[in-house]
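Hi there,

Here is the structure I promised to pass on, with my notes below it. Have a look at it first, then read on.

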Amino acid sequence: MTVKAGIKAIKLEMNAGGRPFIVHAALLWDDHDVILVDTGIPGQTELIRDALAKEGFAFDKLTKIIITHQDLDHIGSLPELIEASEGRIKVLAHELTKPYILGEVPLIKRGIVVPPVKVDTILQDGDVLPYCGGIRVIFTPGHTPDHICLFHEPSQTLISGDALISIDGQLMPPDSNFTTDMETALKSVAKLLDTDIETVITYHGGVCNGSIRERLAEIAGK
Ligand SMILES: [Zn+2]
């Protein structure tokens, strides 16, 4: 049986110290893989299990996790998810993200060291991963120095991580309060103009459709 490659934003409604904190992780699948992009803050294994079940995937179908960058709201639940999978899930990340995931250096913004997780595959700008119909890695530093976006070729969907956010369906530049180098971040947005993007899944804000190119040009000041 062949399952068509698919992609979907999954809404994770977390509780961050008593406050609601909502993110939109991306889920991709084909007949070999189920891939989660980013993992929320620590303590979300049950929530992610439930979110996967809602989409019709048992937790043990999850084969890979791709991390967009080293911020805690993206790598937080990675150690527990890997532990819960008994090492079955493979971790993919950019080489600049790797030392943070390995717990070798403190996170840039939080200053904490996370429990170490092995990185199975190092990602580089321009890599096209042969999963779910093709996932292209686009190095987009600025929000953090290690940031990547992912482009799902069959659906022309950009998984923006925090290189872009959205408010009420409108694409916005990354939040300047949490961005280490805004000038570089906007150059990275300009770089996205090379890609024919139909839909964007922003981690903070959800899905955006329509006139993506025009909006990216506006944000990048092009
Ligand atoms: Zn974030």
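Of the contacts in the chain with a separation of 6 or more, 63% are between residues 24 or more positions apart; two residues are in contact if their C-beta atoms, placed from the backbone, lie within 7 Å. Please keep in mind that this is a predicted model: local features need pLDDT of at least 70, side-chain atom pairs count only at pLDDT 80 or more, and totals for chains, interfaces and linings use all residues. Residues are numbered from 1 along each chain as its sequence is written.

Now the overall picture. The chain has 6 helices and 14 strands (DSSP runs numbered from the N terminus, with H or I over at least four residues for helices and E over at least two for strands). Its radius of gyration is 16 Å, close to the 17 Å from the globule rule for 222 residues, so the chain is as compact as a globular protein of that length. That radius is taken over C-alpha atoms, and the rule is 2.2 Å times the number of residues to the power 0.38. The C-alpha trace spans about 45 × 45 × 35 Å along its principal axes. Of the 222 residues, 41% are buried, meaning that 20 or more other C-beta atoms, placed from the backbone, lie within 10 Å of the residue's own.

Next, the sheet. Six strands make an open sheet with mixed pairing, in the order β7-β8-β9-β10-β13-β14; two strands pair if DSSP finds at least two bridges between them. β7 (128-129) and β14 (206-209) are at the edges with a single partner strand each, so one side of each has no neighbour in the sheet.

Thr199 has Asn209 in β14 as its bridge partner.

Finally, what does helix α5 (residues 182-191) pack against? Its buried residues are Ala185, Ser188 and Val189. They cover an arc of only 105° around the axis, which puts them on the same side of α5; the arc is that of the directions from the helix axis to the C-beta atoms. The buried residues of α5 pack against α6 (212-220).

Best wishes

Definitions and conventions. A residue is buried if 20 or more other C-beta atoms lie within 10 Å of its own, exposed if 12 or fewer, and partly exposed in between; C-beta atoms are placed from the backbone.
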